[in-house]
Amino acid sequence: MGGELVGDGAQIIRGVAPLDRAEPHELSFLSHAMYVPALRSSRAGALLVAPALAAAEGTTPARIVVTDPHEAMLKVLPALYAVADDDDGIDPTARIGRGARLGARVCVGAFAVIGEGAALGDGARIDAHCVVGRGVTVGAGSRLHPAVTLYPGTVVGQRVTVHAGARIGSDGFGYVYRDGAHQKIPHVGRCIIHDDVEIGANTTIDRGSIDDTVIGAGTKIDNLVHIAHNVRIGRLCYITAQVGIAGSTRIGEGVSLGGQAGINGHITIGARARIAGQAGVFGDVPEGATWSGYPARPHAESLRVQAALNKLAAVAKQLLRLTRESEP
């Protein structure tokens, strides 16, 4: 961990658990003073602890003092919970289309379908019941968990993870009302997922109409997110659960979108902006800004508005009393 050991270095550790549930064979961590009371009664065998809390009261036999216990977990967890590699090869029930190209060490699970002319890079893993559409490209080292669908026109980069049930490259929601009916606008654009993106379970990302939908490298997308047609998202963005992004919106690099935020179409959110959970964004957001509320506005202004609303009932009551007192 690159830390300092304090105590018994002979402790045997087999797992990780929170302070209140850890057993003597488990490691826990302490990074905030509010959890010091839990440490006093913890049975954990070892503790990752921040320097400021290294002397906190507790009977843990071993402490490893590290700059950031959360960051240290990035090394601890893979060591204690190694993920077994799936068997390479093609399951006998999988369907491989004509002209599909499969790289080295590719794994295709049970009842998966690889469309005509699709390409799977070296080490790609396609789990059971996935559908990789005609002409789709999946880059080296990428993983599709069970029941993922990649529509034709989808391009997936390297080391991309797509969790179960996600639908990538489906048609966007575009219609023209004519002759008494909603006439569907054909969608002929692509859906491009760049390298090192992670896409959560049951998330949907539409293909472009005549443009492309693009997700930038290193962006992380949570479960149950909807990204509409022609949206372009920059590198290293962080999009949490149940966010909805309407069509043709541009989102800069390093943007964070809180859970259930709704983003209107045809707007721009500047690089490194932060949008709070459940915010409703209807206009452009400047670079580096933090917005919240409905409709969304700069966070400080949103807090003032909320404070005023909380006083509204009392003000209305006072106004009613004054009105009655002034009546003849």
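Two strands are taken to pair if DSSP finds at least two bridges between them. Helices (H or I, at least four residues) and strands (E, at least two) are DSSP runs, numbered from the N terminus. The model described here is predicted, so local features need pLDDT of at least 70 and side-chain atom pairs count only at pLDDT 80 or more, while totals for chains, interfaces and linings use all residues. Residues are numbered from 1 along each chain as its sequence is written, and side-chain values use heavy atoms, with hydrogens and water left out.

By these criteria, strand β14 (residues 137–138) and strand β17 (residues 154–156) run parallel and are joined by two bridges. Within this pair, Thr137 stands opposite Val155 of β17. Both strands belong to an open sheet of nine, ordered β8-β11-β14-β17-β22-β25-β28-β31-β34, in which the pairing is parallel. The sheet ends at β8 (101–102) and β34 (268–269), the edge strands, each of which pairs on one side only.

Gly99 lies in the loop between β7 (95–96) and β8. Gly99 has a relative accessible area of 52% and is therefore exposed (over 50%; buried means under 20%, partly exposed in between, with a 1.4 Å probe and protein chains only). Leaving aside neighbours within four places in sequence, Gly99 is in contact (heavy atoms within 4.5 Å) with Gly117 and Ala118. Gly99 and Ala118 are 19 residues apart in sequence, and their C-alpha atoms are 7.4 Å apart in space.

Turning to the whole molecule, the protein chain contains three helices and 38 strands. Its C-alpha trace spans about 85 × 75 × 30 Å along the principal axes. Of the 328 residues of the protein chain, 40% count as buried. Among contacts between residues at least 6 apart in sequence, 16% join residues at least 24 apart.
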